[in-house]
Amino acid sequence: MSGPTHRQITGRLVIATHNPGKLAEMRELLAPYGIDAISAAGLNLQEPDETGMTFRDNARIKARAAARASGLPGFADDSGLAVDALNGEPGIHSARWAGPDKNFRRAMAMIEERLQERGATVPERRTAHFVSALCVAWPDGHTEDFEARVDGVLVFPPRGDKGFGYDPIFLPDGHDRTFGEMSSEEKHGLPPRGRGLSHRARAFCKLAEACLGR
């Protein structure tokens, strides 16, 4: 057998997020595999400081902190929006741009303001991608990492009230509706029913193949 051997995920795990939208998505992705997922918020676990320089670093920090605190495998996502005309910002600071009150309307307006300042008014100048890094960490220190992206362009004003975060301004390549206008099944439903469109779904497909025996 060639390639690395991956550790299988079984039983219970802790989803290391305090973001209700992200928690709902990750629970939906795990549900078909019979994994009993509890949230870090539900266990009153502290949110660690995300001091990493990459999405993968921050996913590891969150997953390892949850595993240490709970004694169960910790499952974390670190994701964000990288805008080409803004040199990859907000990137790993995507949540920070929304401020402590998680005001993504304001964050989306800030991105638009900066694009306008740079004269980025045509789609070719408004390209962006979402990145998702997933990490599963076990209490003994073993970790598994997976990363994926989805490319698109930014629209304004925001469209749709589904999804969360920057979804309403992100129009994925090949589609005429934003993530904010898509149902959860369309956005991150996995094959055979869905197309695994989102960055998180794509990273999860890699994780499932490696660690969930599918």
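Buried means under 20% relative accessible area, exposed over 50%, and partly exposed in between, with a 1.4 Å probe and protein chains only. The model is predicted: local features need pLDDT of at least 70 and side-chain atom pairs count only at pLDDT 80 or more, whereas totals for chains, interfaces and linings use all residues. Residues are numbered from 1 along each chain as its sequence is written, and side-chain values use heavy atoms, with hydrogens and water left out.

**View A. Salt bridge between lysine 22 and aspartate 77.** A salt bridge is a side-chain nitrogen of Lys or Arg within 4 Å of a carboxyl oxygen of Asp or Glu. Here the closest N and O atoms are 2.8 Å apart. Lysine 22 lies in helix 1 (residues 20-30) and aspartate 77 in strand 3 (residues 74-83), so the pair links distant parts of the chain, 55 residues apart; helices (H or I, at least four residues) and strands (E, at least two) are DSSP runs numbered from the N terminus. Lysine 22 and aspartate 77 are both buried.

**View B. Salt bridge between glutamate 25 and lysine 187.** The N to O distance is 2.7 Å.

**View C. Salt bridge between aspartate 101 and arginine 106.** The closest N and O atoms are 3.0 Å apart. Aspartate 101 counts as partly exposed because its relative accessibility is 48%, and arginine 106 is partly exposed at 39%.

**View D. Network of salt bridges.** Shared partners join Lys22, Glu25, Asp77, Asp167, Lys187 and Arg200 into one network. The salt bridge count comes to 16.
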